[in-house]
Amino acid sequence: MFENLSDRLSGVLDKLTKQGALSEADVATALREVRVALLEADVSLPVARDFVKAVQTKAEGQAVTKSVTPGQQVVKIVHDELVHVLAGDAADIGALKIDSPPASILMVGLQGSGKTTTTAKLAKRLSERDKKRVLMASLDTRRPAAMEQLAVLGTQIGVDTLPIVPGQDAVAIAKRAKQQATLGGYDVVMLDTAGRLHVDDELMGEVAAVRDATKPHETLLVVDGLTGQDAVNVAEQFDGQVGISGVVLTRMDGDGRGGAALSMRAVTGKPIKFVGLGEKMDALEEFHPERVAGRILG
Ligand code: GDP
């Protein structure tokens, strides 16, 4: 049913046109299909509702009912509106405010979202593509394996990691990382915070303390793009309690429909800057609103 929303919309409206004059009610009926498709693509209900309302207003404004090809016209309006919501201010996509060295990037998110992998992928991109000297530090004091994982990735991609000193808390490590970055002449210091399986007060408290101690230039939330509704809740909580400057959606190589992207943009208003497209260190791209719009539209 979801597979091809474009064809479905064109079909419904063009058939009605052949039967005589098209009414606003006919368009509204067709737009119900859009709402269903959005919900199937994991877009949250309020976001789907607002979206359909916006499309309806535009359809009325463009006098779709008088068009010879209303189906095609509505499909175009839906597509353009999807891109509009997903893109926001397109200048934010793929861009990071890292021009005053050492600039710090705080990486936050739940455990298993792909935070450590994304930290390393982004460090690789900054070092190879943007020729930045990058230092990475893991603040995950509860999971020594996570610290090890970042060190291993650092060696693999040729990016320095802060030496591990047992017994320090997250704030102390973050301060040491910034100091080391200043002394060592690094352009960027990436702080990979600890994750949890669920958002909890202790986690938020720790991340907020690190934020206050380091005044990051960017705070990027890493979210699993396959988690749909949950991703939106996580984004709302992190943005409300810590404040984020952007989002990285991981696992967009999977067969998720990208609905989380739409909800997240609509609910937080924060840009989706990058997407993760696999486990390899090169599998990170700038977010392409057109592609996700195409995926949702089918
Ligand atoms: P963390 O607990 O948030 O730090 O998560 P990790 O970085 O350890 O990632 C958890 C798992 O997800 C690892 O097996 C990663 O290789 C995998 N992973 C991370 N990003 C992506 C992605 O974009 N696509 C796919 N397919 N796997 C990913």
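Predicted model: local features only at pLDDT ≥ 70, side-chain atom pairs only at ≥ 80, totals over all residues.
Trainee: Which residue in strand 5 is the bridge partner of Val108?
Mentor: Residues are numbered from 1 along each chain as its sequence is written, and side-chain values use heavy atoms, leaving out hydrogens and water. Strands (E, at least two residues) and helices (H or I, at least four) are DSSP runs, numbered from the N terminus. In strand 5, Val108 has as its bridge partner Leu221.

Trainee: In which sense do strand 1 and strand 5 pair, parallel or antiparallel?
Mentor: Two strands pair if DSSP finds at least two bridges between them. Strand 1 covers residues 103-108 and strand 5 covers residues 218-224. Over four bridges, their sense is parallel.

Trainee: Which strands are the edge strands of the sheet?
Mentor: Eight strands form an open, mixed sheet in the order 3-2-4-1-5-6-7-8. An edge strand pairs on one side only. That leaves strand 3 (160-161) and strand 8 (284-286).

Trainee: What angle does helix 9 make with strand 5?
Mentor: Helix 9 (residues 229-241) packs on the sheet, touching strand 1 and strand 5 (contact means heavy atoms within 4.5 Å). Axes are lines fitted to C-alpha atoms, for helices over the stretch in contact, and angles run from 0 to 180 degrees between N-to-C directions. Between helix 9 and strand 5 the angle is about 160°.

Trainee: Which residue has its side chain joined to that of Ser245 by a polar contact?
Mentor: Ser245 lies in the loop between helix 9 and strand 6. Among the residues Ser245 touches are Thr219, Leu220 and Pro271. A polar contact is a pair of N or O atoms within 3.5 Å; within protein, one must be able to donate a hydrogen and the other to accept it, and residues adjacent in sequence count only if both atoms are side-chain atoms. At 2.6 Å, the side-chain partner of Ser245 is Glu218.

Trainee: How much of the ligand's area does the protein bury?
Mentor: An oxygen atom of the ligand is 2.7 Å from a polar backbone atom of Lys115, and a polar side-chain atom of Glu279 lies 3.0 Å from a ligand oxygen. Taken alone, the ligand exposes 580 Å² (Shrake-Rupley method, 1.4 Å probe; for residues, only the protein chains shown count as cover). Of that, the protein buries 81%.

Trainee: What is omega for the peptide bond joining Pro101 and Pro102?
Mentor: Pro102 lies in the loop between helix 4 (70-87) and strand 1. Most peptide bonds are trans. The one joining Pro101 and Pro102 is cis, with omega at about -10°.

Trainee: What average pLDDT does the chain have?
Mentor: The model scores ipTM 0.99 and pTM 0.92. At least 70 is scored by 99% of the residues. The chain's average pLDDT is 90.

Technical notes
pLDDT = per-residue confidence, 0-100. Lists of a residue's contacts leave out its neighbours within four places in sequence.
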